[in-house]
Amino acid sequence: MAVVHALLIFHSFLLVLSCWVQLAAADDLQPITGTKPGCPEKCGNVSIPYPFGVGDGCYIEEAFSITCNHTFNHPKPFFGELNFLNISVREGEIEVILYMAIDCYNDNLDVAWASATSGKFTFSDTRNKFTAIGCDTVAIVGGRTTGSYGTGCMSLCGNVSDVINGSCTGLGCCQSSIPKGLVSYNVSVSSFGETRMNLSFNPCSYAFLSKESWFNFSSADLKEFSRGENGVPAVLEWTIGEQNCDQAKRNSTTPYACGPNTDCYEPGNAPGYRCKCKDGYEGNPYLTSTGRCQEQ
């Protein structure tokens, strides 16, 4: 009887431990929020954490200024001309919506180019891919890093049965990487010949820069790529200023961005630095008062 009782106690302990681990893991995944006092915390349903902000005095520098556009049914936040979905303080990322380039044989949807500029921030070379969809498709992406840049890919197929779901190797779908430090780009898409082949199973070609994890190719995309009709998500990486950590700490003319109980680090994707809470602390590392890094 004592053995059974001990087993029940041990089983209960495991259940409690399991729940505690799950709650702790969930807590680790909570986004870092927090704004400067008196500043809007959200635009629509999107949180705007400092160092970003809406309105004068609410952001750390002009590059982090957010516009909350109220002309939509639900307010939408814009970073420059780019609508965005979320901001990650922990990862130093902002997820934006980009447009596709589209080329159709019947000219009903002929938008054969698309472009975007990210200001001082960079399109992530590790989180994004350049993708083209189609069976008569030449797609080119060019842009600006520290110099000029250009690449592309080609995709062919004669029948929908040729393509392989989940594969972007040139049969109905192709992909290319982008370089580190890309701050602007132009995308164009066209056919191999002077006129596009009239393929009933593939009336259009599509080309876009997007978050790699968002896209998984399917043969159904050849008929109609409806997932991208409202734009596609891509990831920008951001840093503070143009100086490294040591330079920023010594600079007497520009305020140092990292708040109390923080560490400064340089991600290396672009000039500038980021801040993070020290081990054992949690909060927004860019705030100095309410919401700053505090002991867990």
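1. Buried denotes under 20% relative accessible area, exposed over 50%, and partly exposed the range in between (1.4 Å probe, protein chains only). Phe-192 has a relative accessibility of 39% and therefore counts as partly exposed.

2. The model is predicted: local features need pLDDT of at least 70, side-chain atom pairs count only at pLDDT 80 or more, and totals for chains, interfaces and linings use all residues. Residues are numbered from 1 along each chain as its sequence is written, and side-chain values use heavy atoms, with hydrogens and water left out.

3. The structure holds 17 aromatic pairs; rings of Phe, Tyr and Trp (its six-membered ring) pair if their centres lie within 6.5 Å, and planes under 30 degrees apart count as stacked, over 60 as edge-to-face and the rest as tilted. Phe-123 and Tyr-185 form an edge-to-face pair, at 5.3 Å centre to centre with 85 degrees between the planes. Both Phe-123 and Tyr-185 are buried.

4. The ring centres of Tyr-256 and Tyr-273 are 5.8 Å apart and the planes stand at 25 degrees, so this pair is stacked. Tyr-256 is partly exposed, with a relative accessible area of 31%, whereas Tyr-273, at 4% relative accessibility, counts as buried.

5. Ring pairs also link Phe-52, Phe-64, Phe-79, Phe-121, Trp-238 and Tyr-286 into a cluster.

6. Two lysines deserve mention under the charge-over-ring criterion (NZ of Lys or CZ of Arg within 6 Å of the ring centre and within 35 degrees of the ring normal). Lys-76 lies over the face of Phe-72, at 4.6 Å from the ring centre; Lys-276 lies over the face of Tyr-265, at 5.4 Å.
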